[in-house]
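I am opening my notebook on a new structure. My plan is to look up a few places and write down what I find.

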Amino acid sequence: MSDTPETDPAPDAAEPAPEAPEATEPAPEAPEAAESEPEAPEPERTPDPVRDPLMAKITGDLGDAVLGQEVVKGDMWLRVANPAWRRTIQYLKDHGFDYFCFLSGIDWLPSQESVTRYEQVYTDDAPADPPARESGITGGDSRFQVFVRLYDVDRKVGITVKADLDDDEQPTVESVVAVFRGAEWHEREAWEMFGFEFTGHPGLRHLYLPKEFEGFPLRKDFPLLARAVKPWPGLVDKEPVPGEGEDEEEEAAATT
Amino acid sequence: MNEVAALNYGIETAIKMGVILAVIPVGAMVLGYVFLFKMMAHMQSRLGPMEAGPHGVLQVIAEGVKFLQKEDLMPDGADRWIFKMAPVVAIASTFLIYAVIPAGPDLVISNLDVGIFYALAVSSLSVLGILMAGWASANKYSLLGALRAAGQLIAYELPLVLAVVGVVIQAETMSLSGIVEAQAHGSIFGFSGIGNPFVLTQGVGFLIFLVAAQAELTQAPFDMPVAESELVSGYMTEYSGFRFLLFFGIAEPATAFGLAAIAATLFLGGWYVPGIGDGLTANIVGPAVLGAKIMLVAFLIFWFRFTYPRLREDQLQTFAWKWLIPISLVNITVTAILKVAL
Amino acid sequence: MSANTITEHQQQAYIAGQAADARIRFELETEGMTLNIGPQHPATHGTLRIVVRLDGEQVVWADPIPGYMHRGYEKLCEVRKYQQVTTLVNRIDWLGSFCNEVPFILAAEQLYEVEAPPRAQWIRTILFELGRIANVTLFLGDMGVQLGAITPVFYAFRDREYVLNLIESATGGRFHPNYDRVGGLKDDLPKGWVDECKQAMQGIRDFCDEMETLLLGNEIFATRCRGIGVIPRQIALDYGLSGANARASGIDWDLRRDADSPLAWKHADWKVWTHPDGDSFARYWVRLQETREATKIVEQLLDSLPAGPVMAKMPARLRVPKGEAWISTENPLGEMGYYVVSDGGPSGPFRCKIRTPSFNNISIAPWLLKGVYVPDVITILASLYFILGDIDR
């Protein structure tokens, strides 16, 4: 009897992230928390013959480290605890997922942008009720998440692995460069864009941006200057069509 | 009597110098236009220059003018005199080749007995010019590029010379006019209808000569010293304006013209076609015939250039030392044996 | 020749070269020459700067410095609606630009929970393959130019004009079509397009045959490319090399076949080409075969093109439900994917991670260029085939 495949409601239905204590609870308890909520009738989830057993094995082997997992939309998602990040990646590589697709981060802070995107420009005063921070598939409780995508080219399956970065000021996680060489550039980019500290990385330095750049651009509180200067639709240059503008009239007036 | 002779000699020399000075730029321009602009363009499925003059015939002149009006730069640490003299040396060696090429039975600037020997010796002077350019540029990359170019040119001098040795053995003379005569009146295994154009009996030598000439001109597939300017700058980098034109626009096509002329003379029979005779007709038609053969050889050279990618420097050297030289040595041996035996 | 043998040979050659060069190094002071390749450089497809430190003729270390074209796409996507993102995203891989829109639109459709009608999926696939052809034909000619063969690239440009004309007549733009919409396509195909397309495919096949004799069959090309820049299978997987680079190292991985995609690839009969060697020659060879294969796919899909609408019925105002979607496709340069996160907000991605193939393909350069001769650096970079917009986003 398999207990780990979580019965998953319609993938995009708004479901609040599991409560904070889940960070220390192993995955099998999460389905109970979800199922206990009175929800609209959930559509049937077709079992995935390849991914379900695979996910079962992974969560079984990793045990405590797994904080959330889902097999949805024909794909696998896994969330692990921060200290177990590198161990998990190494485990997956040893078990066939040896193709490193990419590594990146998500900033779950709901920015002014996402709430008031097309209504107003950046303002200094925060709204009275800042919107609740939501995290996506497999949940999560910190503002920053790092995630990695790996593939198993022989079994033709992929997996997305996430981890919460607990400290909002200095989000830290172990570097996986020792596991996948290709992660070096990706971690550099994640550091540059989000400010993640990867312990054990051979040298975190700027990849795209110049050395003197201050700030971490992809963080939600880093303003997009163009939008701050002028609201949507931004700087629009409107030139009068020749023959139709006021200039014609002015010229006519000048010559008389 | 002496004064008259001296005056005649003076006038003759002046005429000859005038001819060379006229032929070389014209030859370079014709080659440049026909092959570098038009043939290359048509082979690449495009038209080439069409604006300057009908079908772009004046484009070469426009290019010359363009280079003339560019700023004349010289790097700070450059050795001034050597920097200025380098292109002159390179061009000088080209000019000197033309002195021995016969365009007709009497149309030769200087009918040396050791014509071909002289021509080959003088053509290798261009290496000096390149080394001077690389050294005087005060640029590490130029120096490396020049050294590479020098290495390549020296390596390919040998097959060039060895290919010619076979011709000399067959013609029994080193004078270029003599070689033309030998081809005109010789016979292949007794059959003398078309004379003995050495392209038939020295076919291997002809091919080796062409390949070595390609390398001497630093053209693809042997243009690593020049195309190195993708990556490291070649020996010509610090040159601009007219000096660059001397290197790139005049020396290159003019040397191509000269080497093609030598190839045409050595292997294709020079100014001779059967039926042309020895007299005035030959002197008038000869240059045209030679011109046509030069265009043919140049066609082969440039066609080769546009088609092939370039060899890496070490592959280039391997090709010269391990392939061309042994083959040409074998060619000489076989020629000598057959010459004595038959 | 197995990949391992060649790597050993390279290592031995490096050591021998070291010993032989010691004297020259002393006399000419060539040790530790630092060379800047780029950012403006004819050999790189755009503004990529690679700093190499040379030891005589060989590279000791190499450090690519991207970012000269960084436009901040991921941040820009966050302030645009889904429909507006396609204009941005066209410009990532600008040679096969329709291909950039497709994975994003598919991810958006997954989030919107709409499905495009079959005709739209077919046409998307056809245009996707046309984008691949447009992109890779340029590579086939351009690799010649990097090596010194100046003629094939003109044939490449000439023959790809037909494909670009087709793309233009269908979408309105040769280079930046902006044709894909969430739920389908902007327009249907014009009349007569199918026949013209088939003719163009035949022309591309003729071009591939020409390149096969002109470049692949050329001894000098083979000498310059065989054994140069060998990437063993495990290294390729470690770095996430994708597309033809991976398949040339023997990895049998093609997202058109291996990922479950709503596009129409499974409705055509085609083959995935791999090569065991992993050198520059293999990468060129694989791309040539793939171009031919793409023409066959296009022809088969044109024959089986279903009738119907090209746009699904979508409500006018739509709030995208919360969720995350990851879609990746086999783009001409490799695997391109979008990780789109929606927060249920007013119709724009909350986070859009763009996984571009050239980023991974170039990240292997420091490893790959060690011990390589200077002229071979150009060969290797040309064979890896990156596009700056793809690296830098």
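Where is the place of Arg312(B) in chain B? I looked it up and found Arg312(B) in the loop between helix H12 (280-307) and helix H13 (313-341) of chain B. I note here that this is a predicted model.

**Entry: Arg312(B)**

Next I checked the accessibility. Arg312(B) has 8% relative accessibility, and the cut-off for buried is under 20%, so Arg312(B) counts as buried. Then I listed contacts, leaving out residues up to four places away in sequence. Arg312(B) touches Met224(B) in chain B. From chain C, Arg312(B) touches Arg224(C), Ile228(C), Tyr373(C), Pro375(C) and Asp376(C).

**Entry: two positive phi values**

I turned to the backbone. Most residues other than glycine have a negative phi. Thr218(B) is not a glycine, yet its phi is positive, about 45°. I found Thr218(B) in the loop between helix H9 (203-216) and helix H10 (224-227) of chain B. Its relative accessible area is 9%, so Thr218(B) is buried.

Glu113(C) also has a positive phi, near 60°, and is a residue other than glycine. I placed Glu113(C) in the loop between helix H4 (98-112) and H5 of chain C. Is Glu113(C) buried or partly exposed? At 48% relative accessibility, Glu113(C) counts as partly exposed.

**Entry: Phe128(C)**

I moved on to helix H5 of chain C, where Phe128(C) has its place. Phe128(C) has 0% relative accessibility and therefore counts as buried. Which residues is Phe128(C) in contact with, leaving aside its neighbours within four places in sequence? I wrote down Phe98(C), Cys99(C), Val102(C), Trp265(C), Thr329(C), Glu330(C) and Asn331(C). I also checked Val298(C), which is 170 residues from Phe128(C) along the chain. The C-alpha atoms of the two are separated by 9.3 Å.

**Entry: H5(C) and H15(C)**

I stayed with H5 of chain C, residues 118-147. It packs with helix H15 (residues 374-384) of chain C at an angle of about 175°. The two axes are 9 Å apart. Angles over 145 degrees count as roughly antiparallel, so H5(C) and H15(C) are roughly antiparallel to each other. On the H5(C) side I noted Phe139(C), Met143(C), Gln146(C) and Leu147(C). They meet Ile378(C), Thr379(C), Ala382(C) and Ser383(C) in H15(C). I sorted the contact by class and got 5 nonpolar, 3 polar and no charged residues.

**Entry: cavities**

Rolling a probe the size of a water molecule over the atoms shows where empty space is left. How many cavities of 30 Å³ or more are there? The count comes to 7. I then looked at the largest cavity, which holds about 260 Å³ of space. It is lined by 18 residues. Nearest its centre lie Ile130(B), Glu216(B), Tyr235(B), Ala251(B) and Thr255(B). Helices H3 (80-97), H5 (126-136) and H11 (241-268) of chain B each supply at least two residues of this lining. H11(B) gives the largest share, 6 residues. By class, the lining has 11 nonpolar, 5 polar and 2 charged residues.

**Entry: chain A**

Last, I looked at chain A as a whole. Its secondary structure comes to 7 helices and 7 strands. From the N terminus on, the elements run α-α-β-β-α-β-α-β-β-β-α-β-α-α. Chain A has 256 residues, and buried residues make up 46% of them. I also noted the contacts with a separation of 6 or more. Residues 24 or more positions apart account for 65% of these in chain A.

Key. Residues numbered from 1 in each chain as written. Chains lettered and ligands numbered in written order. Predicted model: local features only at pLDDT ≥ 70, side-chain atom pairs only at ≥ 80, totals over all residues. Heavy atoms only, no water. Axes fitted to C-alpha atoms, helices over the stretch in contact; angles between N-to-C directions. Helix = DSSP H or I, 4+ residues; strand = E, 2+ residues; numbered from the N terminus. Parallel < 35°, antiparallel > 145°, perpendicular 65-115°, else oblique. Contact = heavy atoms within 4.5 Å. Nonpolar A, V, L, I, M, F, W, Y, C, P; charged D, E, K, R; others polar. 1 Å grid on protein atoms, 1.4 Å probe; cavity = no way out; pocket = protein on both sides within 12 Å on 5 of 7 lines; lining within 4 Å. Points joined across faces, edges and corners; volume = space filled by probe spheres on them. Buried < 20%, exposed > 50% of the residue type's maximum accessible area, 1.4 Å probe, protein only.
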